[in-house]
Structure formats: structure tokens, C-alpha cells
Amino acid sequence: MTEPVTDQKPRKRGVRRILLGVVLPSVLVLGLIGGGVTYTAVTVSSADRTAPTQLWETAEGADKNEDPAAALARGKAGTPLSKLLLPLPDGYEFGPDEELYGNDGELGAAEATALMKQAGKGLSGKKRRAFEKDVDKLGIEGIGVRSFADPDSDVVVTFELARMKDEKQIKASYRIRKEVMDILEFPKGPRVKGHRNAVCYMAPTVDSSDKEERAAALEQMVCLAYDSEVLVTMRAAGAKPFDKAGVAKLLTQQLDHIASPGEYV
């Protein structure tokens, strides 16, 4: 008679292999790992943190007497997606550029989809084609990115908002990414008060015998959230230890701003 299995570790390792082999490429496509968990340096001091100079039309419902330059200094608000991005909070400056987006930019459906498909370059022909089909199924309508920097603590915070045609894909993408973080056993970060569909994780600490390398390693946090309109990713990195709870409050502000985009917080 076969004895009952009491050790669940082999099962967990099997689940881990399946998730890493099948799901992780999709996570890379969504910008979770490839986008920001692997920060290597905070570039606050050398970054161009000035507000973009491209002028946008006055946001609907805005005060006609308000100085347009003052509004622009808090971030672009000329498109539906840019209006959902959190305006520059008090005490922060614009952060370093994020690849093609700059520090306050947006990609349309075709550009965002093409950029996501680049994450599958290392896959074999058949797997890559399947990977690209999965990207197409997401129905990406656009991605907006805005980065902030705290000049006092040298912390960089980046928000990424992805809009998809199918609202079910937003929820599914959030769930898959969260499961990957849990399987990889990323330590939990601070709670995001008032928002059930939001979670934060800390990146694993540097495992090195080199004291200088450990000392120079940055503390990194990634938060995931969603609502009916967009999938939200917030990434933060800074010298140890940075105010994680304070950064998590920015996510609360971002989610509140999505709910009421007409109110600059």
C-alpha cells in the first residue's frame, strides 16, 4: 500500500517550474520584471527632471484663468491616459527617463504592443509566435509612464498605467503577476490602505559576499494594482532604508486620482 505523501515541497517546486516556464514570459511582457525590479542605480542627481516642454490643450473642466505652465509643471494632461497619471506630488521632481517614454510620456496601442513583443526575442520561433499572440490578446490600447524623484532622499518612483480593451484582461494580468511574485517568494511590502486590489512587494536583497556590493545595493519595491480602467504598476528604488510606507501612499494617491481624475491631488 502506498504511504500518503506528507512532504509538499516537491509539489511546490513543480508549481514553481510550471509558473516560471509558462507564465513568467507574460510577466516580462507586462513590464514587471524587465521594467523595473532590476534597478541598478538611482540617477536622481544626473537626471533631466524638468517638465516636458510640449504643450497640451487645456484639460476639460480646467480653470481658464489658471496658468497653463503651472499645470504643465505637474505633468501632461492632454490625453485620456495622461489625465489618469498622478500629477507631480509636492516635494517631488520629475525623475529619470524611462526608455522610450521619457519621464512623462505615453505610447499608443501599436507602439506599446510592439515594445512588449520585444521581450520575446530570446524565445525560439514557435514559442515566440505563441508569446506574441498572447500579447495581442491583451488588447493593449496604450501605456502611460511618469517618474518622480525625491531630491532629499534620492528615491525614484515610477508609475506605469496600461489600458486594455478587455477589462477581464486587466484583472487577469494583475492576478498572474501577483502569483508570480508570491511563487518567487518576494517579501511583502507595506499595505495600500483603502484599496483591496493593490499589493506591494520588496525585491530580494543582494546575495553577495562582497561587503561593498551589498552596501551599494538599492532597496527596491514594486506595487501592483488595478481598477476597471487600467492596470497599474508602481516601482520605487532608493538607498537603504527608504520610506516604504510613504511611497505606498503615492500609490493610494494614484488610485484615488484614477477614480477622480478631475481632482489634482
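Predicted model: local features only at pLDDT ≥ 70, side-chain atom pairs only at ≥ 80, totals over all residues.
Local features were assigned at pLDDT of at least 70 and side-chain atom pairs at pLDDT 80 or more, while totals for chains, interfaces and linings use all residues. Residues are numbered from 1 along each chain as its sequence is written, and side-chain values rest on heavy atoms, with hydrogens and water left out.

The structure contains 1 disulfide, a term that denotes a pair of cysteine sulfur atoms within 2.5 Å. Cys-200 is joined to Cys-223 with an S to S distance of 2.0 Å. The link connects distant parts of the chain, 23 residues apart, with Cys-200 in strand β5 (residues 198–202) and Cys-223 in strand β6 (residues 219–226). Helices (H or I, at least four residues) and strands (E, at least two) are DSSP runs, numbered from the N terminus. The angle about the S-S bond is 105°, and the link of Cys-200 and Cys-223 is right-handed. Cys-200 has 2% relative accessibility and counts as buried; Cys-223, at 1%, also counts as buried. Buried stands for under 20% relative accessible area, exposed for over 50% and partly exposed for values in between, with a 1.4 Å probe and protein chains only.

Rings of Phe, Tyr and Trp (its six-membered ring) were paired if their centres lie within 6.5 Å; planes under 30 degrees apart count as stacked, over 60 as edge-to-face and the rest as tilted. The count by this rule is 3 aromatic pairs. Phe-148 and Phe-159 form an edge-to-face pair, with 6.1 Å from centre to centre and 65° between the planes. Because Phe-148 belongs to strand β3 (residues 140–150) and Phe-159 to strand β4 (residues 155–164), the pair ties together parts 11 residues apart in sequence. Phe-148 is buried at 0% relative accessibility, as is Phe-159 at 0%. The ring centres of Tyr-174 and Tyr-226 are 4.9 Å apart and their planes stand at 55°, so this pair is tilted. Tyr-174 is located in helix α7 (residues 167–183) and Tyr-226 in strand β6, so parts 52 residues apart in sequence are tied together. Both Tyr-174 and Tyr-226 are buried. Tyr-92, Phe-148 and Phe-159 are linked into a cluster by ring pairs.

A nonpolar core is a set of buried Ala, Val, Leu, Ile, Met, Phe, Trp, Tyr and Cys residues joined through side-chain atoms within 4.5 Å. The largest such core has 29 residues, of which Phe-159, Leu-161, Val-232, Met-234 and Leu-251 touch the most other members. At least two residues of this core come from each of α4 (80–84), β4, β5, β6, β7 (230–238) and α9 (244–259). The most are given by α9, with 5 residues. Neighbours within four places in sequence aside, Leu-251 is in contact (heavy atoms within 4.5 Å) with Phe-159, Val-192, Ala-198, Cys-200, Cys-223, Ala-225, Val-232 and Met-234. Another core, of 22 residues, lies apart from the largest one and includes Tyr-174, Met-181, Tyr-226 and Leu-231.

Helix α9 has 16 residues and spans 23 Å from its first C-alpha to its last, close to the 22 Å expected at 1.5 Å a residue; the expected span is 1.5 Å times one less than the number of residues. Among the buried residues of α9 are Val-247, Ala-248, Leu-250, Leu-251 and Leu-255. The cover over the buried residues of α9 includes α4, β4, β5, β6 and β7.
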